[in-house]
Amino acid sequence: MHQQDTRFHPTSIGEEEFLFFHEKGFLVLKNVLQEEELQRLQQAMTHLMEEGLARSPKGEDCVYGRGHKSGRPVLHRIEYVIDKTEEGKVLLGHPFILRSVEKLIGRDLIPTWDSMVLKLPGEGMIVPWHRDDGTEHVGDSPIFNVDFYLDPADLDTCLWAHPGSHLWPDEKVAELVERPGFSNEGAIPILMEAGDVLFHNVLLLHGSPSNVSTKMRRVLYYEFRSANVEMELGPHLPEYIQLKQQVLLDCIERRKKADYVSGETPYAYKPPEPFAVEQPSPLNTHRFPHEEFWRSD
Ligand SMILES: [Fe+2]
């Protein structure tokens with residue numbers, strides 16, 4: 001598997017990684033998060049997770065499934081982690097990540113989804129083979145998730161993927177998705193350490209088997225899309241684009257002020273017309289619920 005160690009490549013991914021991502025549909029980047037930022041994120045997300053567990057099964061923006069061992073509601077996802085934590089905001093401004101995203105999808109990038117996905121100790125539920133989105137929203141640039149690993153993912157807890165499956169025809173994907181059980185034949189495990197980052201195309205076929213491991217795995221999923229593709233194909237209304245641009249600008253400014261981040265050249269967000277934005281404007285919230293912005297057509 002191609003891997004880049006960002007300690008030696010501080011600006012953005014290079015040409016080789018660019019080509020690998022387009023060919024395979026994913027890319028592993030080692031040691032993206034510095035130690036202190038990783039610790040801050042782990043603390044902040046532990047706090048969110050504990051709140052979600054305490055309010056089970058009704059925590060705000062929390063998604064619960066049925067535990068495969070206990071049958072009880074098991075927390076497995078928390079939405080809008082950028083709105084909920086300062087650390088999540090600072091993370092969105094990460095210049096290496098944003099310059100790499102720009103390289104892959106263009107200067108009109110916008111952040112869309114931001115969530116934490118959890119596998120709790122002893123309750124690692126199966127995540128069946130799936131794509132994160134359909135081809136109907138993909139234009140001439142990929143849509144992808146930047147997955148920040150807060151815990152290691154080993155063979156007990158990791159994601160599995162079919163390399164190159166983002167290019168498969170829908171029928172081939174459907175055939176594999178409809179197979180009963182979780183066969184990893186033809187797939188590869190994506191092993192990660194805390195602080196590593198995975199880029200995965202939303203059309204990449206991925207999933208993970210259930211497990212009863214005592215290890216916990218938390219991953220932050222930040223999704224990015226091109227504004228021009230979002231404008232053309234949705235799924236959000238056009239006004240969503242400007243709001244999320246403001247979220248991005250605000251988070252870049254917050255990162256500049258974060259006392260635990262050092263030695264970086266901040267990301268300069270300069271989307272071309274008609275998506276050009278000048279200055280960040282004050283925001284009352286960083287939470288723009290998707291369902292309030294779906295197009296009706
Ligand atoms: Fe997924």
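1. A word on the basis first. This is a predicted model, so to speak of local features pLDDT of at least 70 is needed, side-chain atom pairs count only at pLDDT 80 or more, and totals for chains, interfaces and linings use all residues. Residue numbers start from 1 along each chain as its sequence is written.

2. Let's begin with the core. The largest nonpolar core has 69 residues, and Val101, Val146, Phe148 and Phe224 touch the most other members. Such a core is a set of buried Ala, Val, Leu, Ile, Met, Phe, Trp, Tyr and Cys residues joined through C-beta atoms within 7 Å. A residue is buried if 20 or more other C-beta atoms lie within 10 Å of its own, exposed if 12 or fewer, and partly exposed in between, with C-beta atoms placed from the backbone.

3. Leaving out residues up to four places away in sequence, Val146 touches Ile97, Val101, Val197, Phe199, Tyr222 and Phe224. Contact here is taken as C-beta atoms, placed from the backbone, within 7 Å.

4. Next, strand 2. Four of the five residues in strand 2 (residues 26-30) are buried. Strand 2 pairs with strand 10 (residues 197-201) in the antiparallel sense, over four bridges, and Val28 stands opposite Leu198 in strand 10. Helices (H or I, at least four residues) and strands (E, at least two) are DSSP runs numbered from the N terminus, and two strands pair if DSSP finds at least two bridges between them.

5. There is also an open sheet of four strands, in the order 6-11-8-9, with antiparallel pairing. Strand 6 (127-130) and strand 9 (188-190) are at the edges with a single partner strand each, so one side of each has no neighbour in the sheet. On average, neighbouring strands of this sheet are turned by 30° against each other, direction ignored. Strand 8 (residues 159-161) runs antiparallel to strand 9 and is joined to it by three bridges; Ala161 stands opposite Ile188 in strand 9.

6. Which residues of helix 1 are buried? In helix 1 (residues 15-24) they are Glu17, Phe20, Phe21 and Lys24. These residues cover an arc of only 100° around the axis, which puts them on the same side of helix 1; the arc is that of the directions from the helix axis to the C-beta atoms. Glu15 and Leu19, on the other side of helix 1, are exposed. Just after helix 1, Gly25 takes a positive phi of about 90°.

7. Now some backbone spots to check. Most residues other than glycine have a negative phi, and most peptide bonds are trans. The bond from Ser56 to Pro57 is cis, with omega near 0°, and Pro57 is in the loop between helix 2 (35-54) and strand 3 (62-66). Gly234 and Pro235 are also joined by a cis peptide bond, with omega about 20°; Pro235 is in the loop between helix 7 (227-233) and helix 8 (238-257).

8. Asn31 has a phi of about 50° and is in the loop between strand 2 and helix 2; Asn31 is partly exposed, with 18 other C-beta atoms within 10 Å. Asp61 has a positive phi near 60° and is in the loop between helix 2 and strand 3. With 17 C-beta neighbours inside 10 Å, Asp61 is partly exposed.

Terms used. Contact = placed C-beta atoms within 7 Å. Axes fitted to C-alpha atoms, helices over the stretch in contact; angles between N-to-C directions.
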